[in-house]
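Subject: Structure for you to look at

Hi,

Here is the structure I promised to pass on. Please open it alongside this email, and my notes follow below.

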Amino acid sequence: MLIDDVTVAFGSLRAVDGLTLRIEYGAVRAIIGPNGAGKTTLLDVITGKTRATSGRVVLDRTTDLTRLGEAAISLAGVGRKFQKPSVFEALTLRQNLALALRSPARGALAEMLHRPGRDELDRIERVLEIIGMAGSGEKLAGILSHGQKQWLEIGMLLMREPRVLLLDEPVAGMSDEETSRTVELVLALRAPDRAVVVIEHDMDFVERIADLVTVLDQGRLLVEGGMSAVKSDPRVVDVYLGR
Ligand SMILES: Nc1ncnc2c1ncn2[C@@H]1O[C@H](COP(=O)(O)OP(=O)(O)OP(=O)(O)O)[C@@H](O)[C@H]1O
């Protein structure tokens, strides 16, 4: 995916300012930077929640996402996990995963009555395994811990086999143990035809998952590279890590 000279202006403030990034498949990219650097706004532009003032977001060299609405962008293969999990607590894990394939407009009752086909059942079992919850498919999502809900929600995104997976602060509020488990999960999400993009303030977590780290500051690209180089870069220490 190519973020091509994207600017998002809110009045006189440029939350994203002429930003160009190439996001590769097969890798986990972390986007870090101080509060207000434009990280969330960038994800909002990719997913169509916010319109770019100028520039393009090009998926697979052909599709300019900035021309599409949110639903079409999701159908084009972009999945986003927000910080706060929003699973359906009254449904089982399997029902939650099944629901991810269909329009939420169908409603919970229709979902309870739905009988999935073989392909769908196989996919659900595969996803339960990836998120480390094989054997828990019949549990109600409402009894899950905060961390488990986050993983289930990642599973719901995986059901659609996304090309681009955007994770917004995935370990916020997690215990150390849950964070370690999330490291394993994020690394397992890496696939040759998938780009994983993670916004996170927990630098230990970033160090454990990121193939490449992009540092934003004031809507612009400050530094890009491996975590070890980024960590010791005086510009990054100055605007972010040293604070
Ligand atoms: N809808 C909006 N209207 C006006 N200003 C906005 C809007 N959304 C974001 N901003 C501003 O744009 C800038 C970038 O915000 P953004 O949330 O993208 O930063 P961030 O890097 O995600 O920060 P954080 O780490 O705190 O989440 C900030 O100055 C913010 O106040």
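The cut-offs here are 20 or more other C-beta atoms within 10 Å of a residue's own for buried, 12 or fewer for exposed, and partly exposed in between, with C-beta atoms placed from the backbone.

Two points before going further. This is a predicted model, in which local features need pLDDT of at least 70 and side-chain atom pairs count only at pLDDT 80 or more, while totals for chains, interfaces and linings use all residues. Residues are numbered from 1 along each chain as its sequence is written.

**The chain as a whole**

The chain has 10 helices and 10 strands; these are DSSP runs numbered from the N terminus, with helices being H or I of at least four residues and strands E of at least two. The chain is as compact as a globular protein of its length, because its radius of gyration is 18 Å, close to the 18 Å that the globule rule gives for 243 residues. That radius is taken over C-alpha atoms, and the rule is 2.2 Å times the number of residues to the power 0.38. The C-alpha trace spans about 55 × 40 × 30 Å along its principal axes.

Of the 243 residues, 38% count as buried. Taking contacts between residues at least 6 apart in sequence, 66% join residues at least 24 apart; a contact means that two C-beta atoms, placed from the backbone, lie within 7 Å.

**Domains and core**

The domain assignment gives domain 1 (2–85 + 163–241) and domain 2 (88–143), with bounds that come from an automatic or database assignment. Their C-alpha centres lie 28 Å apart.

The largest nonpolar core holds 66 residues, and within it Ala30 and Val198 touch the most other members. Helix α6 (residues 146–158) gives the most to this core, with six residues. Domain 1 and domain 2 each contribute at least three residues to this core. A core of this kind is a set of buried Ala, Val, Leu, Ile, Met, Phe, Trp, Tyr and Cys residues joined through C-beta atoms within 7 Å. Leaving out residues up to four places away in sequence, alanine 30 touches Val198, Glu200, Val206, Ile209, Ala210 and Val213.

**Around the ligand**

The ligand is surrounded by Phe10, Leu13, Ala15, Gly33, Asn35, Gly36, Ala37, Gly38, Lys39, Thr40 and Thr41. By class, four shell residues are nonpolar, six polar and one charged. In that scheme Ala, Val, Leu, Ile, Met, Phe, Trp, Tyr, Cys and Pro are nonpolar, Asp, Glu, Lys and Arg are charged, and the others, Gly among them, are polar.

Leucine 2 is in strand β1 and touches Arg22 and Val58, not counting residues up to four places away in sequence. The C-alpha atoms of leucine 2 and valine 58 are separated by 5.0 Å, although the two are 56 residues apart along the chain.

Isoleucine 3 is also found in strand β1 (residues 2–10), and it is buried, with 23 other C-beta atoms within 10 Å. Beyond its neighbours within four places in sequence, isoleucine 3 is in contact with Leu19, Thr20, Leu21 and Val57.

Isoleucine 130, in helix α5 (residues 118–130), is partly exposed, with 16 other C-beta atoms within 10 Å. With neighbours within four places again left aside, isoleucine 130 is in contact with Gly155, Leu158 and Ala188.

**A loop to check**

Most residues other than glycine have a negative phi. Aspartate 60 has a positive phi, near 55°, and arginine 61 has one near 65°. Aspartate 60 is in the loop between β4 (54–59) and β5 (63–64), and arginine 61 lies in the loop between β4 and β5. Aspartate 60 counts as partly exposed, with 13 C-beta neighbours inside 10 Å, whereas arginine 61 is exposed, with 7 other C-beta atoms within 10 Å.

Best wishes

Methods:
A residue is near a molecule or strand if its C-beta atom, placed from the backbone, lies within 6 Å of it.
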